[in-house]
Amino acid sequence: MEIVVKGRNAEVSDRFRGHVEEKLQKIEQFAPRAQRVDVEVTHEPNPAQAETSERIEITIRDKGPVIRAEAAASDRYGALDLAMGKLIERLRRVRDRRKEHPRRENVAEPLNLTPEDVNIPQQKVERDEKRVPSEPGEAVETQLGDSPVVVRQKLYEAAPMSIDQALYEMELVGHPFYLFIDEETKQPCAVYHRHGWTYGVIRLDAEVQ
């Protein structure tokens with residue numbers, strides 16, 4: 001299992017990197033076929049956000065759905081512990097669901113957008129001459145004219161799935177919405193949290209060929 005630890009507006013010491021790798025050994029108990037784990041460490045320099053200044057995001061990739069967990073705390077060790085707690089709970093859900101629905105293990109990786117991918121980044125970036133990403137996983141950030149507005153686009157692979165599967169995978173990545181292609185209608189759709197245990201589905205009046 002490959003473990004990649006990187007910092008975003010933050011330096012990652014060898015000591016913390018070793019601590020992360022030691023913590024992530026628990027993952028093999030629940031996801032023995034995990035191929036790669038990405039850990040992103042983010043620092044928020046704003047003193048007003050001192051209690052959540054250190055953010056950890058952990059993403060697991062294997063043959064099944066992408067599983068992600070993130071948490072923030074005043075120090076990165078605490079944030080890592082919180083993120084690991086969420087991650088282990090989601091891994092348990094995957095393990096239990098695979099026991100009930102073994103065929104779902106071969107579901108291809110879906111379109112998996114996160115709020116960060118559709119929001120304007122906080123930091124200013126240079127204008128990119130390339131306007132649209134062309135490879136899965138590639139991100140392109142462009143400015144709108146001479147304005148300070150920056151738009152980030154990222155390309156993901158997509159696989160048709162049911163609404164039930166989309167809701168399940170939305171819970172695994174821990175986000176309030178999830179984009180996918182409906183396997184019955186071939187329409188681009190988005191499921192999202194409404195309130196309590198209710199969800200909504202938005203459909204586009206179009207079909208993916």
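How many aromatic pairs does the structure hold? It holds 1 aromatic pair. Rings of Phe, Tyr and Trp (its six-membered ring) pair if their centres lie within 6.5 Å; planes under 30 degrees apart are stacked, over 60 edge-to-face, and the rest tilted. Here the partners are Phe 16 and Tyr 77, edge-to-face, 5.0 Å centre to centre, with 90 degrees between the planes. Phe 16 lies in helix H1 and Tyr 77 in helix H3 (residues 76-100), so the pair ties together parts that are 61 residues apart in sequence.

Some ground rules. This is a predicted model, where local features need pLDDT of at least 70, side-chain atom pairs count only at pLDDT 80 or more, and totals for chains, interfaces and linings use all residues. Residues are numbered from 1 along each chain as its sequence is written, and side-chain values use heavy atoms, leaving out hydrogens and water. Helices (H or I, at least four residues) and strands (E, at least two) are DSSP runs, numbered from the N terminus.

Back to the pair. Is Phe 16 buried or exposed? Buried means under 20% relative accessible area, exposed over 50%, partly exposed in between (1.4 Å probe, protein chains only). At 1% relative accessibility, Phe 16 is buried. Tyr 77, at 30%, is partly exposed. Arg 76 lies over the face of Phe 16, 5.5 Å from the ring centre. The criterion for that: NZ of Lys or CZ of Arg within 6 Å of the ring centre and within 35 degrees of the ring normal.

Now the sheet. 4 strands form an open sheet, order S1-S2-S3-S4, with mixed pairing. Strands pair if DSSP finds at least two bridges between them. S1 (2-8) and S4 (67-73) are at the edges with a single partner strand each, so one side of each has no neighbour in the sheet. S3 (residues 54-61) and S4 pair antiparallel over 7 bridges. Glu 57 stands opposite Glu 70 in S4.

Helix H1 lies across S1, S2 (36-43) and S3, at about 140 degrees to S1. Contact means heavy atoms within 4.5 Å. Axes are lines fitted to C-alpha atoms, for helices over the stretch in contact; angles run from 0 to 180 degrees between N-to-C directions.

Last, confidence. pLDDT is the predictor's confidence in each residue, from 0 to 100. The protein's mean is 80, and 85% of residues reach 70 or more. Over residues 104-128, pLDDT stays under 50. Where pLDDT is low, the predicted coordinates should not be read in detail.
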